[in-house]
Amino acid sequence: MIWHGFINSDSYRAKKEADQISYTWDALIDSVTDSILNGRSYFETGRTVDELEQCLRILAGERRTWRRALAESILTVIERSNVQKLSARVIAEDKSTDGSTGYVFLALVFPVDIDLHTYRQARLAWLEKYCTVAKLLLPNATKILGIATEHKAFNGNRSEDLILIDASKWTKENEEEAKRIQREEHVLENTEKFGGTYKEFPVSHLVSHLKSPMARDRKERACPCGSGKKYKKCHGRSR
């Protein structure tokens, strides 16, 4: 009875609706896994199956609410690639302690006048530069994971390149190299910070209940949070 009330509550429906975008992250994991299992991964530049496996473990370890933010970011990067030759974004959870993973998402236009090998080499080179400079923006990150793909208007079979940088052993030389790349290649020179909160159960539906003209009548009904209590004894209490 309690479970039935929970899965039919407004808050649970709001959660499932908010989770929709996160399934893009699941699809990314499936795509990379499928490429590895079917021998379609690109190893021309020294990347290995072991490195891709480490990347997959990190991708699969992200919780559902954080997957919403990650998926939204990578989709934004792809969307912007329609008007920019190279679109990129750096994202990480706001953690004050070491141990976090920072992400770099990059979408690069695939010119019609170059071959696939040349394009993938160039894309990986740019991704590595962005991941290196990203450490300057994310001093607490011990891992930087980069993901690159084609621009939005690309009509072929979309591919992904992944790079994992172990930033736990970041040296003064690494920092100087990152600063050189940023200065000479103009990588992540002008950045705009933004933040947000992703709640597992969005509260917008509960707020609408409070503001509704029928709120008084609803106080006698079951609370939409799924607790099983009457609304007036749960989220409808005076505070």
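Are tyrosine 103 and phenylalanine 105 buried or exposed? Both are buried (under 20% relative accessible area with a 1.4 Å probe and protein chains only; exposed is over 50%, partly exposed in between). This is a predicted model, in which local features need pLDDT of at least 70 and side-chain atom pairs count only at pLDDT 80 or more, while totals for chains, interfaces and linings use all residues. Residues are numbered from 1 along each chain as its sequence is written, and side-chain values use heavy atoms, leaving out hydrogens and water.

**View A. Ring pairs link Trp25, Tyr103 and Phe105 into a cluster.** The whole structure holds six aromatic pairs (ring centres of Phe, Tyr or Trp, the latter by its six-membered ring, within 6.5 Å; planes under 30 degrees apart are stacked, over 60 edge-to-face, the rest tilted). The centres of tyrosine 103 and phenylalanine 105 are 5.9 Å apart with planes at 25 degrees, so this pair is stacked.

**View B. Lysine 129 lies over the face of tryptophan 126.** Its distance from the ring centre is 4.7 Å (the criterion is NZ of Lys or CZ of Arg within 6 Å of the centre and within 35 degrees of the ring normal).

**View C. Threonine 149 sits in strand 3 (residues 141-150).** Strands here are DSSP E runs of at least two residues, numbered from the N terminus. Threonine 149 is buried, at 5% relative accessible area. Beyond neighbours within four places in sequence, its contacts (heavy atoms within 4.5 Å) include Ile78, Tyr119 and Arg158. Look also for valine 109, 40 residues away along the chain, with its C-alpha 8.9 Å from that of threonine 149.

Methods. Helices (H or I, at least four residues) and strands (E, at least two) are DSSP runs, numbered from the N terminus.
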